[in-house]
Amino acid sequence: MSAYERVLRPILFRLDAERAHNLALWAVARGLIRTRLVKDDRLQVSANNLYFSNPVGLAAGVDKDATAVSRWSSLGFGFAEVGTLTYHGQPGNPKPRLIRIPEDKAIINRMGFNNGGISAAAPRLASRGAGIPIGVNIGKSKVTPIEDAAAEYAKIYEIAWKLGDYVVVNVSSPNTPDLRSLQDKQALSDILTAMRTVKEGERIFVKISPDLTVGQLEDVVEVGWQQRIAGFIATNTTVSRDGLSRPTQEVGGLSGRPLKPLADDNLQLLSEMVNGEMTLIGVGGIFSAQDVLDKLRLGASLVQIYSGWVYNGPGFVPKLLLGLLDAMNEANALNLSELTSKGVAPTG
């Protein structure tokens with residue numbers, strides 16, 4: 001057990017979850033939290049003309065306003081995604097809105113895209129000097145009528161594409177009314193068409209819900225092909241409560257360990273549908289190097305973490321990377337592609 005798990009996590013977990021999150025983010029932004037860095041050429045990934053020193057990224061939702069954007073490389077991440085950023089700044093949903101379920105290593109959030117707006121975050125992103133690829137996750141403002149969603153995504157994208165290395169269209173959060181309806185075939189096509197009138201999007205990703213039916217997923221992929229997007233992020237949080245050890249009345253999106261089976265099933269389906277022709281980023285329930293490798297073997301080129309970092313602390317990314325390297329050594333693999341083709345299990 002790490003020092004974080006023994007000492008710091010019990011202190012932080014006595015605080016309200018959102019307050020602890022904000023305190024940790026404040027410390028990261030000021031360079032007060034660092035960790036051992038793991039660097040090895042065998043961990044490198046290239047995707048969509050971007051270079052990643054390793055495949056482990058920070059998921060959207062941690063650094064909503066890009067306040068710590070220049071610091072994530074010092075914690076070992078191969079890339080980081082900020083947001084979700086909306087066109088209009090908004091306070092989000094009423095508190096409390098972030099709930100830990102420690103016995104299941106899960107988190108329920110109903111944050112509601114609380115952020116200061118993309119224009120407020122723009123100066124921080126423009127001057128970031130992050131040293132790693134940065135994604136900008138964008139979503140619809142709560143005050144914007146659903147019928148005006150496509151026009152608003154285009155307005156956000158006009159700012160966002162200049163600030164990040166890739167842009168993510170978030171139409172899958174369960175915490176903004178009617179947002180998930182934007183995954184419908186025509187609505188998603190309208191959004192991406194409007195965005196492409198601003199700039200052809202060779203690095204646009206769509207983040208999908210794990211709660212889509214197979215038919216809905218097929219529709220989303222068809223739109224992705226038609227609009228020539230870079231790929232998909234699988235997945236966002238779920239409204240399902242499967243995998244929890246006890247019932248809960250808390251509403252919001254569930255992340256963490258219980259999400260992994262559902263997220264992995266969606267990732268596998270996506271991989272079969274895109275057949276290696278789009279980049280997939282796997283998210284949901286990563287708590288070990290084996291979990292990372294599971295997603296890579298299911299077709300992801302990259303992965304992202306959120307809940308696992310909350311529960312395991314700043315030494316989590318190095319632990320994952322060392323586990324992958326141990327598996328490479330055992331398999332005599334020269335890179336991640338070779339490792340994913342072999343049945344060797346990581347040690348961490």
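Mentor: Helices are DSSP runs of H or I with at least four residues, numbered from the N terminus. The model here is predicted. In it, valine 7 lies in helix 1, residues 3-12.

Trainee: Which residues form a nonpolar patch on the surface with Val7?

Mentor: Leu8 and Ile11 do; with Val7 they have about 250 Å² of accessible area together.

Trainee: In what order do the three strands of the open sheet stand?

Mentor: The order is 5-6-11, with antiparallel pairing. Strand 5 (98-101) and strand 11 (253-256) each have a single partner strand, so they stand at the edges and one side of each lacks a neighbour in the sheet. From one strand to the next, the twist averages 20°. Strand 6, residues 106-109, pairs with strand 11 over four bridges. Asparagine 109 is opposite glycine 253 of strand 11.

Trainee: How is a pair of aromatic rings described?

Mentor: By the distance of the centres and the angle of the planes. This structure holds seven aromatic pairs. Phenylalanine 52 and phenylalanine 79 form an edge-to-face pair, 5.2 Å centre to centre with 80° between the planes. Phenylalanine 52 is in strand 2 and phenylalanine 79 in strand 4, 27 residues apart, and the pair links distant parts of the chain. Both phenylalanine 52 and phenylalanine 79 are buried.

Trainee: Why is the pair of tryptophan 72 and phenylalanine 77 edge-to-face?

Mentor: Planes over 60 degrees apart count as edge-to-face. The planes of tryptophan 72 and phenylalanine 77 stand at 85°, with ring centres 5.9 Å apart, so the pair is edge-to-face.

Definitions and conventions
Residues are numbered from 1 along each chain as its sequence is written. This is a predicted model: local features need pLDDT of at least 70, side-chain atom pairs count only at pLDDT 80 or more; totals for chains, interfaces and linings use all residues. Side-chain values use heavy atoms; hydrogens and water are left out. Patches are made of residues with over 30% relative accessible area and no salt bridge: like charges are joined within 9 Å, nonpolar side chains (Val, Leu, Ile, Met, Phe, Trp, Tyr) within 5 Å. Accessible areas come from the Shrake-Rupley method with a 1.4 Å probe; for residues, only the protein chains shown count as cover. A salt bridge is a side-chain nitrogen of Lys or Arg within 4 Å of a carboxyl oxygen of Asp or Glu. Helices (H or I, at least four residues) and strands (E, at least two) are DSSP runs, numbered from the N terminus. Two strands pair if DSSP finds at least two bridges between them. Axes are lines fitted to C-alpha atoms, for helices over the stretch in contact, and angles run from 0 to 180 degrees between N-to-C directions. Rings of Phe, Tyr and Trp (its six-membered ring) pair if their centres lie within 6.5 Å; planes under 30 degrees apart count as stacked, over 60 as edge-to-face and the rest as tilted. Buried means under 20% relative accessible area, exposed over 50%, partly exposed in between (1.4 Å probe, protein chains only).
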